[in-house]
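Hi,

Here is the structure I promised to pass on. Have a look at it first, and then read on for what turned up in it.

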Amino acid sequence: MSQGAKDIGLSAEERRALYDLIEKLGERALLAELNVSRQALGRALAGLGVRRGTIALVRGGLASPKLRASLESSTVTSSHRDLSRGEGAT
């Protein structure tokens, strides 16, 4: 059995959520919340394969109430920002 196989990646939606959280909270705060290394987060954001444990920590963090609340507030803010610039309006 291969120890720490790096063949699993995050979905585009999960990567987008991480980018939004970095913008909202900052990289250091997000790293502390997810309990992953900066290198592991970078690989995950780049769509590269990471270890199963890293995927579990990231997905668990994205599902946590604290990060979910931050993500929802940033989604509302970015949607409002887009509409105020006339983007997305039909």
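The largest nonpolar core holds 18 residues, and those with the most contacts inside it are Leu 18, Leu 30, Leu 34, Val 36, Leu 41 and Val 58. By nonpolar core I mean a set of buried Ala, Val, Leu, Ile, Met, Phe, Trp, Tyr and Cys residues joined through side-chain atoms within 4.5 Å. Buried is under 20% relative accessible area, exposed is over 50% and partly exposed lies in between, with a 1.4 Å probe and protein chains only. Two or more core residues come from each of helix 1 (12-25), helix 2 (27-34), helix 3 (38-45), helix 4 and helix 5. Helix 3 gives the largest share, 4 residues. Helices here are DSSP runs (H or I, at least four residues; strands are E, at least two), numbered from the N terminus.

Please keep in mind that this is a predicted model: local features need pLDDT of at least 70, side-chain atom pairs count only at pLDDT 80 or more, and totals for chains, interfaces and linings use all residues. Residues are numbered from 1 along each chain as its sequence is written, and side-chain values use heavy atoms, with hydrogens and water left out.

Leaving aside neighbours within four places in sequence, Leu 18 is in contact (heavy atoms within 4.5 Å) with Leu 10, Leu 30, Leu 34, Leu 41, Leu 45, Val 58 and Leu 62. Val 58 sits in helix 4 (residues 52-63) and counts as buried because its relative accessibility is 1%. Not counting residues up to four places away, Val 58 touches Leu 10, Leu 18, Leu 34 and Val 36.

Helix 3 can be read in a similar way. Ala 40, Leu 41, Ala 44 and Leu 45 are buried there, and their arc of only 130 degrees puts them on the same side of the helix. They pack against helix 1, helix 2 and helix 4, whereas Arg 38 and Gln 39 are exposed on the other side. After helix 3 comes Gly 47, with a positive phi near 80 degrees.

How do helix 1 and helix 3 pack? Their axes are 9 Å apart, at an angle of about 130 degrees, so the two are oblique to each other. Arg 15, Leu 18, Tyr 19 and Ile 22 of helix 1 make this contact with Leu 41, Ala 44 and Leu 45 of helix 3. Axes are lines fitted to C-alpha atoms, for helices over the stretch in contact, and angles run from 0 to 180 degrees between N-to-C directions. Under 35 degrees counts as roughly parallel, over 145 as roughly antiparallel, 65 to 115 as roughly perpendicular and the rest as oblique.

Lastly, Ser 70 in helix 5 (residues 65-84) is buried, with a relative accessible area of 15%.

Best wishes

Technical notes. The arc is that of the directions from the helix axis to the C-beta atoms.
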